[in-house]
Amino acid sequence: MAVMPSKKGNFHIPGASRHLPPDKEFHAEHITIQLKVDLEKKQISGTCRTRLIPLREGIAALHLNAREMRIVGVSLDGAKAPFEHDGDILTVSPPGPLAKATHELRVDYSAEPRQGVYFISPDEKLPDKPVQAWSQGEPEFSRYWYPCHDHPNDKATSEMVITVPEAYLVISNGKLVSKEEAGGWVTFRWKEDVPHSLYLNSFVVGKFGVIEDEAEGVPLQYYFPESKRGDALRLFGLTPDMLKVFESLTRTKYPFEKYSQVAVHDFMIGGMENVSATTLTDTRFPDERSEEDYAARYSRPDRNHIELVAHELAHMWFGDLVTAKHWSHLWLNEGFATYFQALYTREKFGEDEFRHDMLSKADSYFEEDDSMYRRAIVDDTYVYADDVFDSYAYEKAAWMIHQLRYILGDDLFFDATSEYLRRYAGSNADTHDYMKVLEEKSGLSLEGYFEQAFFKGGHPEFEVSYSWDEGSHTAEVAVKQAQQTDELTPIFSLPCEIVFYVPATTGAVKNGGRHVKRVHLGSKEERFHFELPWKPSIVEFDPEERLLKKVKFEKPVSMLLSQLEVSVDGSSRRRAAEGLSSFIGSPEVVQALERAVRREDQHFSVRSEAARSLGKIGSKDALEALMGLSGMSNRRVRRAVVAALGEFKDERVAKPLLAALRGDESPYVQCQAAVSYGKARLPDAFAVITSAVGMPAPENAIAEACLEALGYVKDSRTREFLRRHLPYGTPTRVRAGALKGLSRLGWLEEVDVATLKEILLEDKEYTVRAQVLEVVSELLDRRLLAAVREASEKDADPRARRRAMEVAIRLADSSSVEKALNDVKDDVERVKTEGKEFRERFSSMKLA
Ligand SMILES: [Zn+2]
């Protein structure tokens, strides 16, 4: 029997090996980095002084990470010291074994860093780029710009003395001690007095506007490109509120001298929590039109700018004050920052918004688990330290913390977490350190939970069923854990709530209302019995979304209808709306969903889910309902309605979609309208969508969406139109959109293969190279195998190298079955398109 190969790969790709925290020869107490930054030559030169104490008697040599730098000289305690440098490790040999006392190591050096420090400057194709230089230490790039023990397991205080041409600002860690101008140059001296891991040292050089603020006595600075002054507070404005909330949730004062955020150009990620001085991308400023429903990407509507700012600020406690001892315990930084961001969302926007946020995070994790690989959150076997920065360390870990909050209860959870911060402040921790604090504070034995949550993989896939015995007035709930178990994926042991709504109307029956029963799940199949006063109208399984899970709970339509109508939990009403999508052909269901979309008193996530279900039902009356809903005043609901309209191949959707594309006040509704217009395969799609490409939106979101949408439009002109938006010099997101469009077309012409190869191997923009890898992964086009292999070895960015390796494995592995299927699919598409292209050419010839 031919078995379809799984899309899932293995986290442990070839070349992966175990990584343990390295031995330490010394503890660095204080580091002073004095650098001149030459923005034209893209060079740094200066001195790094480390005050250090050997950790053992008799250390004969000191080893420091110092990659690709020129070492000019080394001295120890003021005397010249012999050294060797192999381009990676600097070995310093003192005259004799070092005494266990304080020593000063001075290294004079220069470098033109390929990583660690990035120089941004305009070029012929992009003449408007600003001139900037900024550093990125995490995870292991500090070694490219100063010699140090470049691992998280040591903490030092630091001083950054940076000299730049006098028109520029330098932003760095801690307090600004002095600023001195001389001979056209200016020197900024910054000092951070709280010990921190060395990857958190940073500097940014550039020209920025600044707004100063304050919260709880902490000075705040927001730096931005001057052109974004009007939008700066839309991005940064909630910082003081966030800081107050985090101080209160952690019961710990903000730990550093100040908190600055600086938005830099071409940043490779959303943000980086450098100590007291976060560096951010400059691509997340909402404008007046987009502030209300800002989406970091139109295709990821649930990620916004507030989330980014809160996540980085939460790191000041989790990651900067207390730091994971090793990258394999990264979740202690990222899981907490992700979860505390969600807790901020809860404080600011309420429980419904919080659950929506958590469910979106769960979806990100499920997507990665389904399509990429499954791993334990704590896993020390990898190729690059960057590999562990995935949805396991972020979203899944956030969920594992959320479950701990449920198991312990709020008081114990927050109390113990605050104790963890107190105990490890200025120091490092690992997974067991956190567990031990929780155990001490709660008296609970948590080994079992930590084992399944952090050292195993997967999640429960529950299959739940319910029956009622009228004779004994007993509800039976059967719960099966249907996940495939193996070495990595266990049967999970977890508490869970089952909730019954019992009608209170039948005279003789008392105790109507909502009955909450807490059970403990721990076996593959379990049955629970509950005596209830009356047959329940609704039965819910974990309605408050305390557990990370997939769940199938088949219920009669009547129960889902009342759940959608009356459950007190928005998240449960949302699951009801989702469940109703499988009842096709019921006018009652369509009416109930339509009512749910219209209900303005409930959270947009329920209303949007109801709209999605109408799209999935796909019937005539569902379409009619949706046609009447495209004017909903909530932008996110409107976005969902417009998305659902794209599910219909019916010319009637043209009118509301066109109105949304051309006139909606929300750019993200416009984006969605473009995609839906393409998906609905309307006859004038090419003309309509291409005419909308130039519409203004933050980060060219509409152009990106239009180009992706064109991928659905089988028109002879589509491919050429997409190609025109690929060259370097076109805005990054527009290029990414053109690549998504090409991918949607389903196959590549030779000329596209050549272009993709060139981008993959030569292009300056990481985002675009990464998007090419997604195209190849999607289309499994073996003509690109050699190029992908080459990228897996030589791409400058370790994330691209890893992804290329995964894609190369998929390409090489794609068995004859998958390849044959894809070839057939390609052939069918090609014949269809070529046929259409021919017919169009033929008909235009006739006209001409
Ligand atoms: Zn983070």
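1. Let's start with the metal. Along the chain, the residues that hold the zinc ion are spaced as H-x3-H-x18-E. Keep in mind as you read on that this is a predicted model.

2. Which residues stand behind those letters, and through which atoms do they coordinate the zinc ion? They are His311 and His315, each through NE2, and Glu334 through OE, at 2.0 to 2.1 Å. If you click on the two histidines, you'll find that His311 is buried and that His315 is buried too.

3. Next, have a look at the second largest pocket, with a volume of about 560 Å³. Its lining is made up of 29 residues, and the ones nearest the centre are Glu292, Asn304, Phe349, Glu353 and Arg636.

4. Which helices supply at least two residues each to that lining? Helix 1 (229-236), helix 3 (305-314), helix 4 (331-349), helix 5 (351-371) and helix 15 (635-645) do. Helix 5 gives the largest share, with four residues.

5. Rolling a probe the size of a water molecule over the atoms shows where empty space is left. For this model, the count is five cavities of 30 Å³ or more, and the largest cavity holds about 70 Å³.

6. What lines the largest cavity? One part of the list is Tyr294, Ala295, Ala296, Arg297 and Tyr298; the others are Tyr668, Pro698, Glu699, Ala701, Glu704 and Arg733. Sorted by type, that lining has seven nonpolar and four charged residues, with no polar ones.

7. Finally, find the open sheet of three strands, which run in the order 4-8-7 with antiparallel pairing. From one strand to the next, the twist averages 15°.

8. A closer look at one pairing in that sheet. Strands of a sheet pair through backbone hydrogen bonds, either parallel or antiparallel.

How values were computed: Residues are numbered from 1 along each chain as its sequence is written. This is a predicted model: local features need pLDDT of at least 70, side-chain atom pairs count only at pLDDT 80 or more; totals for chains, interfaces and linings use all residues. Side-chain values use heavy atoms; hydrogens and water are left out. On a 1 Å grid over the protein atoms alone, a cavity is a set of points where a 1.4 Å probe fits but cannot get out, and a pocket is an open set with protein on both sides within 12 Å along at least five of seven lines; lining residues have an atom within 4 Å of a point. Grid points are joined across faces, edges and corners, and a volume is the space filled by probe spheres set on the points. Ala, Val, Leu, Ile, Met, Phe, Trp, Tyr, Cys and Pro count as nonpolar, Asp, Glu, Lys and Arg as charged, and the others, Gly among them, as polar. Donors are N, O and S atoms within 2.8 Å of the metal (3.2 Å for Na, K and Ca); water is not among the atoms, so sites may look incomplete. Buried means under 20% relative accessible area, exposed over 50%, partly exposed in between (1.4 Å probe, protein chains only). Two strands pair if DSSP finds at least two bridges between them. Axes are lines fitted to C-alpha atoms, for helices over the stretch in contact, and angles run from 0 to 180 degrees between N-to-C directions.
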